[in-house]
Amino acid sequence: MPLAKGAPDLSSLKKNETHKVHTKKETKPVTKKTTKTTSKSSKANDFAIGGTVNWSLLGVGGAGKKAAIRFSENHNIDIPITTIDTSGSEAAPKGVNVIRMENLNGSGKYRKENSKEITNAISKYVGENPFTDVTVIVHSLSGGSGSVIGPLLVGEILRANKVVIVIGIVDTDSDIDTVNAFNTLESFKNFAENRKSYLPIMMFDNDHGRRTVDNGIDRVLSHLVRLLNIPYDGLDMQDRIKFLKPNTFDGVTGGVKLINLSQLPDGDWEDIGLITPDSDYSKLDATLIISPIDGDNLKLKTKCKVTFRGYFEGDNDDDRLIASVGYNIPQSLIDKLNETLHSFRNMDDAAPTKIESEYEIGKTSSNGLVM
Ligand SMILES: Nc1nc2c(ncn2[C@@H]2O[C@H](COP(=O)(O)OP(=O)(O)OP(=O)(O)O)[C@@H](O)[C@H]2O)c(=O)[nH]1
Ligand SMILES: [Mg+2]
């Protein structure tokens, strides 16, 4: 199989494989693994069983809320799951904390519509709910609510010096979808750069089809369970945290960086609707590899500041994970957003001032969001 566009060269992993690899379609969801430590692993006395990470899932806005509820229905994982939105009347599914902002009824894709009310509600939420060590936030970058709630939460989490991972969904159906995606990304950049923080982000493109994207989000959430929840030999809590904020190492800078998670050496990204890194990446900030003790002896050919490894014995390939961070927001995404705006706008109407966008499409407002 050819390397997926932008995939690090992991060919040595493939060569050294001694065990069967599930095909993408066979990938099983992670269920009920949180407390299980295999007896096989505990026999390996040269590695301590790794500490796991206290994390939570926040689904915000309509798309994020649905993704979080789907995850809670599909997986029996004991982590706090909360949804926050400006609309909806869904009954709370078991195990999900549903927050509906009072007196609001959606933002109709207009990010300024409820910005003040959302800012106040988020301050209140943050005051009452301490963040877990890692928070995973999922939402659309193109709507009017999740794209405001998400970045504001990111700002607060980074301010608390905790780790946040964003799973974003990009739409380019219309001018406003595209502008919202640009400005939401700019908002993330503002918050991450102002705090000199590291912000790992995964983005899905709804042009691959919503069902594909929804399944893809479920898949990467399963990978995150491996990254955060499951004990492995050789991997402790700080390894997992430092993988997610490698800017504590000299030479690694903060900012918004793509995170890639996969079970297959070739990556299993493109067919799940994930926006992949540009192929001209030159180095990674960090990798984290969880693999069988006697199977994989992977050496990354890509330059990388730090690699963490976890091991398990046997051939339970569902446990394998190849994770990496450090790619810039792909130029191919920026080009696509620009091309979409070209198709909706007359170029003469626009002021080409931004590096990322050919259009002046947003300004930083008092709450730190680019609107
Ligand atoms: N893949 C996927 N995309 C969705 C889903 N629901 C909504 N979207 C997309 O996300 C975009 C934004 O919609 P919402 O998430 O509802 O927006 P919001 O954050 O609630 O903001 P407002 O509705 O404007 O208040 C839409 O244009 C949809 O294309 C979903 O379940 N799956
Ligand atoms: Mg909505």
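Reader: Which residues of α6 meet α9?

Author: Start with the term: two residues are in contact if their C-beta atoms, placed from the backbone, lie within 7 Å. Asp175, Thr178, Ala181 and Phe182 in α6 meet Leu337, Thr340, Leu341 and Phe344 in α9. By class, this contact of α6 with α9 has five nonpolar, two polar and one charged residues.

Reader: What should I know about the model and its labels?

Author: This is a predicted model: local features need pLDDT of at least 70, side-chain atom pairs count only at pLDDT 80 or more, and totals for chains, interfaces and linings use all residues. Residues are numbered from 1 along each chain as its sequence is written, while chains are lettered from A and ligands numbered from 1 in the order in which they are written.

Reader: How many helices and strands does the protein have?

Author: Helices (H or I, at least four residues) and strands (E, at least two) are DSSP runs, numbered from the N terminus. Here there are nine helices and ten strands. The protein has 371 residues, and 49% of them are buried. Buried means 20 or more other C-beta atoms within 10 Å of the residue's own, exposed means 12 or fewer, and partly exposed lies in between, with C-beta atoms placed from the backbone. Among contacts with a separation of 6 or more, 76% join residues 24 or more positions apart.

Reader: How is a pair of packed helices described?

Author: Two packed helices are described by the angle between their axes and the distance between the axes. Axes are lines fitted to C-alpha atoms, for helices over the stretch in contact, and angles run from 0 to 180 degrees between N-to-C directions. Go back to α6 and α9 (residues 331–344): their axes come within 9 Å and cross at roughly 145 degrees.

Reader: Is the crossing of α6 and α9 left-handed or right-handed?

Author: A crossing is left-handed if the near helix is turned anticlockwise from the far one by less than a right angle, and right-handed if clockwise. α6 passes α9 in a left-handed crossing.

Reader: What is the angle between α5 and α6?

Author: About 10 degrees, with the axes 9 Å apart. α5 and α6 are therefore roughly parallel to each other. Roughly parallel means under 35 degrees; over 145 is roughly antiparallel, 65 to 115 roughly perpendicular, and the rest oblique. On the α5 side, the contact includes Ser147, Pro151 and Leu158. On the α6 side, Asn180, Thr184 and Phe191 are among the partners. The classes here are six nonpolar, five polar and no charged residues.

Reader: At what angle do α4 and α5 pack?

Author: About 40 degrees, with axes 10 Å apart; α4 covers residues 115–128. That angle makes α4 oblique to α5. α4 passes α5 in a right-handed crossing. Ser115, Ile118, Thr119, Ile122 and Val126 of α4 meet Val148, Ile149, Leu152, Leu153 and Glu156 of α5. Count the classes of that contact: seven nonpolar, two polar and one charged.

Reader: Where is arginine 159, and how far is it from phenylalanine 191?

Author: Arginine 159 sits in α5. Arginine 159 counts as partly exposed because it has 14 C-beta neighbours inside 10 Å.

Reader: Which phi value does asparagine 161 have?

Author: Its phi is near 60 degrees, a positive value in a residue other than glycine. Asparagine 161 lies in the loop between α5 and β5 (163–170). With 10 other C-beta atoms within 10 Å, asparagine 161 is exposed. Now take lysine 196: its phi is positive too, about 50 degrees, and it is not a glycine. Lysine 196 lies in the loop between α6 (175–194) and β6 (198–205). Lysine 196 counts as exposed because it has 11 C-beta neighbours inside 10 Å.

Reader: Which residues does glycine 254 contact?

Author: Lysine 196 is one of them. Glycine 254 is in the loop between α8 (237–244) and β7 (255–262). Glycine 254 is partly exposed, with 19 other C-beta atoms within 10 Å.

Reader: Which residues come nearest to ligand 1?

Author: A residue is near a molecule if its C-beta atom, placed from the backbone, lies within 6 Å of it. Of the 25 residues around ligand 1, Gly61, Gly62, Gly143, Gly144 and Gly146 come nearest. The elements that give two or more residues to this shell are α3 (61–74), β4 (134–140), α5 (146–159) and α7 (210–228). α3 gives the most, with four residues. The shell divides into three nonpolar, 15 polar and seven charged residues.

Methods
Nonpolar A, V, L, I, M, F, W, Y, C, P; charged D, E, K, R; others polar. Lists of a residue's contacts leave out its neighbours within four places in sequence.
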